[in-house]
Amino acid sequence: MIVQSLKKVVQTDIQLAEKYYSVLFTINNLHLTEREIQLIAFTAIKGNITYANVREEFCKTYNSTSPTINNIVSKLKRLGIFIKENGKVKVNPKIIIDFHKDLMLNIKLVHEEATINVNQGVDYQEDGN
């Protein structure tokens, strides 16, 4: 088995979330766009993308529009990445982690045919730090 360690320094929680979701969705062959990953990361940090002020902040930060957000939200809900809970659009809790802490991923790529989707195969574990 080959073991490789990588280190990437990020400045913000949102950047950490963007890196995490980029890796997660790439490995699972979901082919999401950069803007979709940005919206997922932003929503994970903010808690939801329902309120107008949160949507405005996303639009200003990422030079986007409200119709773009609506289109992305629809797609991500179909994929099970976003869910609606108590009237709020949120990231599926199965793929939420604490982005305020440093993160170490352990990814094992094997030669067997294995598939992982958003609803299964993602384990979250805290190391106590």
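**The whole chain**

The model is predicted, so local features require pLDDT of at least 70 and side-chain atom pairs count only at pLDDT 80 or more, while totals for chains, interfaces and linings use all residues. Numbering starts from 1 along each chain as its sequence is written, and side-chain values rest on heavy atoms, with hydrogens and water left out.

Begin with the protein chain in cartoon view, where four helices and two strands make up the secondary structure. Here helices (H or I, at least four residues) and strands (E, at least two) are DSSP runs, numbered from the N terminus. The order from the N terminus on is α-α-α-α-β-β.

Next, display the surface. Its accessible area is about 9,400 Å², and carbon and sulfur atoms contribute 48% of that; the areas come from the Shrake-Rupley method with a 1.4 Å probe, and for residues only the protein chains shown count as cover. Of the 129 residues in the chain, 32% are buried. Buried means under 20% relative accessible area, exposed over 50%, and partly exposed in between (1.4 Å probe, protein chains only). Among contacts (heavy atoms within 4.5 Å) with a separation of 6 or more, 60% join residues 24 or more positions apart.

**Helices α1 and α2**

Select residues 13–27, helix α1, together with α2. Their axes come within 8 Å and cross at roughly 130°, which makes α1 oblique to α2. Axes are lines fitted to C-alpha atoms, for helices over the stretch in contact, and angles run from 0 to 180 degrees between N-to-C directions. Angles under 35 degrees count as roughly parallel, over 145 as roughly antiparallel, 65 to 115 as roughly perpendicular and the rest as oblique.

The α1–α2 crossing is right-handed; a crossing is left-handed if the near helix is turned anticlockwise from the far one by less than a right angle, and right-handed if clockwise. Now show side chains: D13, I14, A17, E18, Y21, S22 and F25 of α1 meet I37, Q38, I40, A41, F42, A44 and I45 of α2. By class, this contact comprises ten nonpolar, two polar and two charged residues. Ala, Val, Leu, Ile, Met, Phe, Trp, Tyr, Cys and Pro count as nonpolar, Asp, Glu, Lys and Arg as charged, and the others, Gly among them, as polar.

**Helices α2 and α3**

From α2, R35, Q38, L39, F42 and K46 meet V54, E57, F58 and Y62 of α3. Five nonpolar, one polar and three charged residues form this contact.

**L39**

Centre the view on L39, which lies in helix α2. With 0% relative accessibility, L39 counts as buried. Leaving aside residues up to four places away in sequence, L39 touches I49, F58, I69, I72, V73 and F82.

Select N29 in the loop between α1 and α2. N29 is not a glycine, yet has a positive phi of about 55°; at 53% relative accessibility, N29 counts as exposed.

Finish at N86, in the loop between β1 (82–85) and β2 (88–91). N86 also has a positive phi of about 55° without being a glycine, and its 74% relative accessibility makes N86 exposed.
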